[in-house]
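Take a look at the structure below. Let us walk through it step by step.

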Amino acid sequence: MNAGERLTDANFPAHPEKATLEGKNKFLGFWLFLGGETVLFATLFGTYLGLRNMHLDGPTGEELFKLPLVFLATMLLLTSSLTSVYAVLSLKQNKVRSLQGWFLVTLLLGLGFLGLEIYEFNHYVHEGHTFTSSAFGSAFYTLVGFHGAHVAFGCLWITTLIFRNWNRGISLYNAPKYYLFALYWHFVDVVWVFIFTVVYLMGKVG
Amino acid sequence: MATHESHKKRSGLMDWLTTVDHKKIGILYLLAGGFFFLIGGLEAILMRIQLIKPENDLFTGELFNQLLTMHGTTMIFLAAMPMIFAYMNAVIPLQIGARDVAFPYVNAVGFWLFFFGGVLLNLSWFLGGAPEAGWTAYAPLSTSAQDTGVDFYVLGLQIAGAGTLAGGINFLVTIINMRAPGMTFMRMPLFTWASFVTSGLILFAFPALTVGFFLLMFERVFDANFFNPEMGGNILIWEHIFWIFGHPEVYILILPAFGIISEVVSTFSNKRLFGYSAMVFATVLIGFLGFMVWVHHMFTVGLGPVTNSIFAVATMAIAIPTGVKIFNWIFTMWGGQIRFTTAMLFAVGFIPTFVMGGVTGVMLAVPAADYQYHDSYFVVAHFHYVIVGGLILGLFSGLYYWYPRIFNRVLNETLGKINFWLFFIGFHLTFFPQHWLGLMGMPRRVFTYMSGQHLDEANFVSTIGALFMGAGTIVLFINIIVTASSKKVADKDPWDGRTLEWSMPVPTPEYNFAQTPLVRGLDALFVEKMAGNGKMTPAEPVGEIHMPNGSILPFVLSLGLFIAGFALIYANWIIAGVGLGIVLLTMFLRSILDDHGYHIHKEEVEADIKGGRA
Amino acid sequence: MADQHKTPETNVHRHEAVQRKLALKEERKHHNVSFIMMILLTIVAFYAIWSDKISDSFAVLFILTLAVVQVFFQLYVWMHLNHKGHDFPIWGMATGILVAAVTVASLMGMIWTS
């Protein structure tokens, strides 16, 4: 059977994302990539933690951060993580429309998160907290911005994926692609949990 | 089971630009890495010529700094790394009984990223001068440099580094998922094991460097303040990030050489590797410890006696697994029927040379003593003993050993031995006197010295040695030309090999194994030879073979990043946007266009087997 | 791999399908529970800081612990690290986290020396 063929309920494997060698390779390779990404973000976190008190004349994190807004952003991203896991459940049940629906909700939540982040950054810049104003500014925008870029890339990714497979059922060819996106999205959420805690909450206590 | 799309056969240049075959990508890595090796070597010889006599004024000041920076950067990132990837590509799938790597497309992306990154970096020579802040690019030297040299450094290496990371993940997955039936982890040849650990180190060390380069780029292009003390920044952030990557990098380089030496010593001693499981354990342990010792590059920063002591002890601990390896190689040779081929000569030359580099390494690991050695020629001697005396001798050994498998010709042994002796003697002439130069107080990275300080003779000898090494390398290239022009095709197993890469005919079929082999022990081919079979037992019947399609997209994607990087150096946002647009477009095309590969039909495979081609 | 599912539907096959359905139902329940847990953890962390009722140093330790617990839920429940066949992913993440910890500690603790 060809990997690109639409699966039926009768021949649907328990793990369509790992049913081919290509799928297994992608699955493992992507997990390892996430292990590397952990180090990438750790380096950014370390840089931020080393420089977070170096705000010079500019406002401190305590003065700047608007926790309710960030809390809302956190909720959006957490919920989008749940919807992407629902999409994976639909994937395992061969329900392609429900899968696409949940991923579309994920996309919308992700875009909402990005909107909040842009609003937030814009606000900070007006408060005198810019990329070049201090070491704190550089480190803050680099860490949070790297995460934001990951969210933006994820939005592009899922858009392309849904667009390409809109009229196609689940196959052994596209199942790993859906699954990998969900992994990526969860990971981005994991990073945000730490940004929320380390940057914003800890920023409030100094 | 019909073929999805008709398979386009490409020829000539287009074939090389679109190939996803690991054997061809290995050759590309070898050619590009070899080219950069020549450039880096030339830079070294020019530096040595400047230092041949006191107060010489041939290449002074800025130009010397550029040569020095580009020599180190080129040799590490553009010569050594790609040549390691060349062997990994050429050999690993064959050694584990796989038809391909896990991600053939990503493999091509990795190569082209490295290639364009290297080209970008070297273009700096023609566009306002090469970087001059040393290969370590310490801030504030790198952040305050006014010309564009460091911009080329940071963007070129960023692009090349992304390719390396892709390659690392590819080989991890290949080794975990694609081993032939019976090829358990503890039956893998040691080169595969070493490459496995090296790939793991790449996976966890390169992201730190990626961030470091981003920070440096942001600092230079977008006026960020990570390393600027006036704005609250801290220069030590760069040093830490660089060495958190940089020390594992040393093991990324040396472990594959350990693997090559293990293969060569075992093959040419006609003996199973002594202490195989200890060798594996030592390899993994070195990989692990490699992450815990980076501060020994920063002893003189002043992090305090406790920190320095902890990292000193951790550093010295690495001598233990390394010692295990040295003894195991010696015990492998003990009582073996040794054949001194060129490959074996390089391997045997490697052992004492590397031990000397290791001993000076332990000396440098003592913080109190390091305050004396730091930034002197003693350090230069030490790391050239481990990198040239270790890695490069290993790579040469591997080249002579695997050349028949990669290029279907056996290199000329007489020229090979001339190559070895010139290079080996030249190496020790160059670097042995540098220990004394360092102890007598000559700092590294200086472009001249005064006469009457007892530095003249050693510097003169050192330069003569460098010329010997150059001559040795020229002999190698003569050898390659001579071999290429001979019509004599290599035997499929010219060294009486022990591992799977010697089990298929020459040239290696496109699909490597007509039938996946069944592995029945360590040194899989040797096990079958001992059982009287002489060839591998197949693990499957002859059938259709699935192959990946070639693609031009990896080339275009890397070209896009090259354009973007180039534009960023000159702060041309429009062209940078175009470059990134090309990158995104190729990624979009890759996800939009299905690529199911194609099949080689059973009849073709059967015909190949009958004709002795598979 | 896929070939084994091509056999005509048999009782065994139907039985397997029912079992798979039950497992998925169970999984959905786990996902919902972990979602609620994560929301709660986030609210607790938020409140711990917002209310200003506990001392700063304890609060930092407390919210960091909550973050780690939450990540555990993400990795093990939502990203299925608790399922079979995840040995190498676990190795990869564990090594990544180890190197990450060393990196963060050094950049936090070893740059402002006197």
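In chain B, 82% of the contacts with a separation of 6 or more join residues 24 or more positions apart. Two residues are in contact if their C-beta atoms, placed from the backbone, lie within 7 Å. This is a predicted model: local features need pLDDT of at least 70, side-chain atom pairs count only at pLDDT 80 or more, and totals for chains, interfaces and linings use all residues. Residues are numbered from 1 along each chain as its sequence is written, while chains are lettered from A and ligands numbered from 1 in the order in which they are written.

Chain B holds 20 helices and 4 strands. These are DSSP runs, numbered from the N terminus: H or I of at least four residues for helices, E of at least two for strands. The radius of gyration of chain B, taken over C-alpha atoms, is 24 Å.

How much of chain B is buried? The share is 56% of its 614 residues. Buried means that 20 or more other C-beta atoms, placed from the backbone, lie within 10 Å of a residue's own.

Now turn to the partner chain. 33 residues of chain A are in contact with 33 residues of chain B. On the chain A side, α1 (21-51) and α5 (135-164) each give two or more residues. α1(A) gives the most, with 16 residues.

Conventions:
Rg over C-alpha atoms; globule rule 2.2 N^0.38 Å. Buried ≥ 20, exposed ≤ 12 C-beta atoms within 10 Å, placed from the backbone.
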